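Please have the structure open as we go.

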Amino acid sequence: MKTQDGTISRWMAVLVLVLVMLWMAAGWVPSAAAAVESMGNARQIAVVYDDSGSMVREDNVYTENWCRAKYAMEVFAAMLKKEDNMSIFPMSAYRNSVESSRAPVRIQGSMDADQRVQTVHEMDHLSQGTYFNSVKAACAYLETVEQGQDRWLIVLTDGEFDTPIEQVEEYLRQAAEQGIKVIYFVMGEGTQSIGQAPELGIYSYRVENSEEILSGIIEVANQVFNQRALDHSYLKETAYGLEFTTDIPVWDLTIFAQGQKIEIGALSGGEDTLQAATQTEVRYSDKMPSNYTPEEQQNILVDTNLEGILASFSSEGTIPAGTYQVPVSDLSNVEVYYTPAVEIELLMEDEQGNQYHLNRQTAEVDNRSYHVTAQLVDADSGEPVRSNLVKLESCTLTYSNGGETYTLTGLEQGGTAVKFSSGELMGELLAQLDWQQQIRVPIESVVGPEVWTGQLEVVLPQVSQDGATYQFLLDTLEDGSAVQVVPQIQNPETGELLAPGAEEMASAVLEVRMEAADPGSAGSGALGWLYRIYAALYERHLDDREILWTTQPDGNQVLVLPHYAGQGADDTYYGKAVLWLDWTSGTADHEVHISQSCEVNIGPPPLRQVLPRMIKAMCLLLLALAAILGFIRKKRLPARLQVTLTVVEKTPGIFAGGEFEREMAIHRKFSVFRAEEARINMSFGGKISAPALHIRAANRCLNNKDRRFEILNIEKFAQVGSIQPVYVDGKEVKPGDNHRPRNSKIKITCRSNTCKGSIPPTCEFKFGIRSKKAAKSGSSRRKRGKSRRHGR
């Protein structure tokens with residue numbers, strides 16, 4: 001086997017890329033919400049394959065074209081989706097008639113990928129003529145395909161058919177009119193081609209030289225199959241491998257790396273690491289055309305460089321926008337293909353500025369005037385898409401409504417005004433994207449009846465109480481008069497206000513709700529201030545459970561009747577409120593929607609009920625104020641008291657001089673007005689004790705440090721018995737002494753009435769007030785004792 005370079009070799013290499021991209025596009029996997037033209041449908045692909053002699057040898061010059069074309073078909077077969085089917089019609093097999101001398105090569109997407117590749121690998125290359133019967137056979141097969149499946153006819157040829165080009169073009173046009181999409185790709189200079197008819201789905205491309213093949217093939221493949229090659233500016237070679245970025249979510253990604261023994265790893269960078277769903281190796285075929293002699297086969301060229309691997313990645317939903325990395329052992333010839341996860345929808349805005357969306361999920365459209373614009377949206381979030389990876393170039397809505405067919409264009413450029421008619425709305429939204437790709441959205445919706453409006457004439461009742469006028473009285477709410485509502489419907493054509501007919505009154509629904517405007521403000525007369533105080537004391541909250549409204553048709557008007565929702569008036573709101581009235585009615589031709597509000601004033605209870613409650617409330621309020629003032633103004637003891645014992649007489653034993661300090665909390669009983677009192681036991685460690693002190697607060701002060709107390713039982717220190725004398729601030733205390741010294745100057749000098757030492761010492765007690773923090777600091781430097789506190 002030999003190899004040969006040249007122009008034909010280059011365009012045959014590109015042919016491989018074409019078929020890869022065609023397959024990738026055929027693998028478009030739209031979301032459940034998208035309505036792309038191939039959404040959810042199985043694809044039937046008929047490939048008319050040029051296996052003529054010119055693919056092997058042209059003008060007695062052997063080429064590698066046959067090998068490269070077969071390699072491309074292997075790649076194409078390797079990447080079929082499970083729901084797709086491909087049939088290959090070799091041109092050489094249809095020399096005499098549409099009935100082939102051999103059956104087409106059938107490849108099902110449900111087959112194992114290796115089996116699909118092997119089927120193409122074993123396909124024979126007859127190397128005979130370019131017979132148009134092969135095209136007829138492929139079309140005949142596609143015409144038998146069941147409805148609902150997408151049908152594609154791909155004609156790949158490097159020469160002219162045995163039929164005039166005019167007949168070829170007419171035949172393919174007739175096939176396109178039957179819904180078969182046609183790709184007619186001519187390779188080589190001077191070969192005749194057919195004209196384009198994009199509106200029918202016919203696309204014809206010519207490649208004159210090798211420099212134009214790559215760009216031409218990519219343009220055709222992407223236009224028809226909505227598959228895109230990621231521009232190399234988004235690709236980056238790193239130490240990890242291949243890195244690329246997308247700013248939109250995609251349905252799937254495929255990496256095609258060509259070279260020998262290439263390995264592709266897992267895709268990382270998003271929320272999860274994705275393993276390749278499929279990895280399929282492809283390789284050149286060296287099976288020689290069977291109609292050549294062994295000697296001739298020795299001269300047939302085979303391109304042994306054709307080898308690669310395809311790895312596809314997908315998730316349960318979309319692959320989010322972001323930067324991704326994937327290890328690839330050889331980055332010299334790598335392409336990344338992606339399917340944008342975008343949808344097309346119409347944004348409709350009515351005259352009031354309300355926005356609605358029209359897409360394949362829209363079941364019903366209101367009958368009103370809209371301004372409609374088209375936009376691409378993210379398939380995940382529904383947010384508008386602004387990306388260089390996909391752009392909306394034009395959008396057209398073709399629809400049938402009211403027995404007529406309409407076409408709206410320019411929806412991508414500021415939009416247009418439209419008003420739908422009642423009835424079915426059937427049509428198609430066609431978006432033309434960049435790269436000459438399309439998205440089709442079928443519209444199946446229903447337009448409701450025309451919406452009319454009007455006004456409600458509301459007649460409110462009037463009733464007086466205590467010099468003020470109201471619409472209702474709280475005590476007689478259910479016995480009062482009804483609100484009269486008289487609807488007037490406006491004809492949109494004439495603007496005339498009309499009374500509703502019998503059909504409209506029969507279908508009428510009047511919904512009534514009430515919202516509080518100024519609770520408790522009903523008493524607006526001379527005693528309004530009294531009712532405001534009453535409302536503050538007996539607060540009323542308005543909700544839909546306190547006052548209910550029922551409607552009762554009465555001729556051409558409706559009566560609105562209030563009634564209690566709770567036990568009665570005591571549980572019901574009164575004051576100013578806003579009454580909202582929503583009227584809905586209609587006929588077979590139109591609907592009527594009217595919303596209107598009015599203010600009502602619900603009178604409070606009469607004075608004979610208000611005054612007893614007010615007097616009782618005021619008495620309770622005065623008592624509460626008196627208690628609060630008494631509590632604030634009463635005299636309080638300090639929270640904590642510092643007692644210092646100093647043994648002033650020099651005596652032997654453990655009490656031979658020294659100072660003992662104790663920090664104690666004062667516990668007292670709660671009282672509202674009386675000055676706080678407490679008793680303090682003066683025992684120090686059970687060794688020295690003095691009479692218990694009875695103290696009482698002596699000043700009014702909220703600051704704990706400034707509080708003072710007086711000793712009520714100072715005479716107890718004069719009744720110690722034989723232990724005399726006792727001094728307070730240097731003055732002797734006598735029996736019956738009623739002097740009440742203050743703690744700010746108190747210094748008690750006495751002998752303890754209990755002492756376990758040999759000689760009772762002379763002691764001095766001093767009292768002071770310190771903060772809790774200071775007490776803790778001092779306690780680390782002094783000895784402490786224990787005491788018992790008794791409160792009263």
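I begin with strand β25 (residues 438–459), which gives the second largest pocket four residues, the largest share of its lining; strands here are DSSP runs of E, at least two residues, and helices are runs of H or I, at least four. This is a predicted model, in which local features need pLDDT of at least 70 and side-chain atom pairs pLDDT 80 or more, while totals for linings use all residues. Residues are numbered from 1 along each chain, and side-chain values use heavy atoms, without hydrogens or water.

The second largest pocket holds about 380 Å³ of space, and of its 16 lining residues the closest to the centre are E351, Q352, N367, R368 and V451. A pocket is an open set of points on a 1 Å grid where a 1.4 Å probe fits, with protein on both sides within 12 Å along at least five of seven lines, and lining residues have an atom within 4 Å of a point.

Turning to the helices, α2 (residues 65–78) and α3 (residues 113–121) pack at about 155 degrees, with axes 8 Å apart, the angle running from 0 to 180 degrees between N-to-C directions of lines fitted to C-alpha atoms. Therefore α2 is roughly antiparallel to α3, a term for angles over 145 degrees.

Notes:
Points joined across faces, edges and corners; volume = space filled by probe spheres on them. Parallel < 35°, antiparallel > 145°, perpendicular 65-115°, else oblique.
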